[in-house]
Amino acid sequence: MYRKSTTLGTALSEFSDGIKSLFTNGWRLFHKISENFYLLAKSESTNTVKYTIVYVFNFRFVHPHWHTKADMLFYKYPDPSKIPTVAERLQYYRNKKSMLQKDVAKAVGINRSTYISYENPAHDQYPLHILEKIADLYDVNVTALLDDYNSFLYSGQAEQIKGLRTATGLTQHKFGALFGVSSRTVRGWENDKIMISKRVWERIYKQEMAAL
């Protein structure tokens, strides 16, 4: 006879009732080989014992809607460097990792609602230290998550704005007047005291400067 052992249902209590119900016909756990690998035994008669091996698969159920949305994103952007917003880049790499928003939020130490806002295309500015944690989680360089505007901020707005202004020979007052802001605001940009908004950045770097 084989040694006394607990029932498989007890040993696999962390699994669903549906899985446990498959092993109710006299099978008992003989040996746990690994985390998901089990050897079962069943007494057929006084001198006969049957053995079988069971491997239990664990996987996350993915809702069809979620899967379809992810596939559409991958199809739309075969090259993630062409994705225009940080929000969509976050979605792209999160789906690549098959992670839920709540899992990412927990991993990087922020509220789920905060992370959800990050995947909203209306979100402009992102805290760099959080993006770096997310990039580590997704196994990519943080620059892979940045759009043009946030790449500009990441590279240091102060030197870039001052360099552009001095290259055009404009004072802070004239530079600000050209783009509808005060000289105090320009000074704040160049001292990293004020972060340039995406709206003004687009005026300077994507519209007005193209015509200068």
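**Legends to the close-up views**

**View 1. The whole protein.** The protein contains 12 helices and three strands, where helices (H or I, at least four residues) and strands (E, at least two) are DSSP runs numbered from the N terminus. This is a predicted model, in which local features need pLDDT of at least 70 and side-chain atom pairs count only at pLDDT 80 or more, while totals for chains, interfaces and linings use all residues. Residues are numbered from 1 along each chain as its sequence is written, and side-chain values use heavy atoms, with hydrogens and water left out. Of the 212 residues, 34% count as buried, a word that here means under 20% relative accessible area, whereas exposed means over 50% and partly exposed lies in between (1.4 Å probe, protein chains only).

View 2. Strand E1 (residues 28-32) pairs with strand E2 (residues 37-45) in the antiparallel sense over four bridges, and two strands are said to pair if DSSP finds at least two bridges between them. Within this pairing, Leu29 stands opposite Leu40 of E2. On E2 there is also an antiparallel pairing with strand E3 (residues 48-55), made through eight bridges, and in it Ala41 has Tyr51 of E3 as its bridge partner. E2 and E3 form a hairpin, with two residues between them.

**View 3. Helix H5 against helix H7.** Two packed helices are described by the angle between their axes and the distance between the axes. For H5 and H7 the angle is about 115° and the axes are 10 Å apart; the axes are lines fitted to C-alpha atoms, for helices over the stretch in contact, and angles run from 0 to 180 degrees between N-to-C directions. The contact (heavy atoms within 4.5 Å) is made by Val104, Ala107 and Val108 of H5 together with Ile130, Lys133, Ile134, Leu137 and Tyr138 of H7. By class, this contact of H5 with H7 has seven nonpolar residues, no polar ones and one charged residue; Ala, Val, Leu, Ile, Met, Phe, Trp, Tyr, Cys and Pro count as nonpolar, Asp, Glu, Lys and Arg as charged, and the others, Gly among them, as polar.

**View 4. Two loop residues with positive phi.** Ser98, in the loop between helix H4 (86-96) and helix H5 (101-108), has a positive phi of about 55° although it is not a glycine. Ser98 is partly exposed, with a relative accessible area of 42%. Asp139, in the loop between helix H7 (128-138) and helix H8 (148-154), is likewise not a glycine and has a positive phi of about 60°. Asp139 counts as exposed, at 57% relative accessibility.
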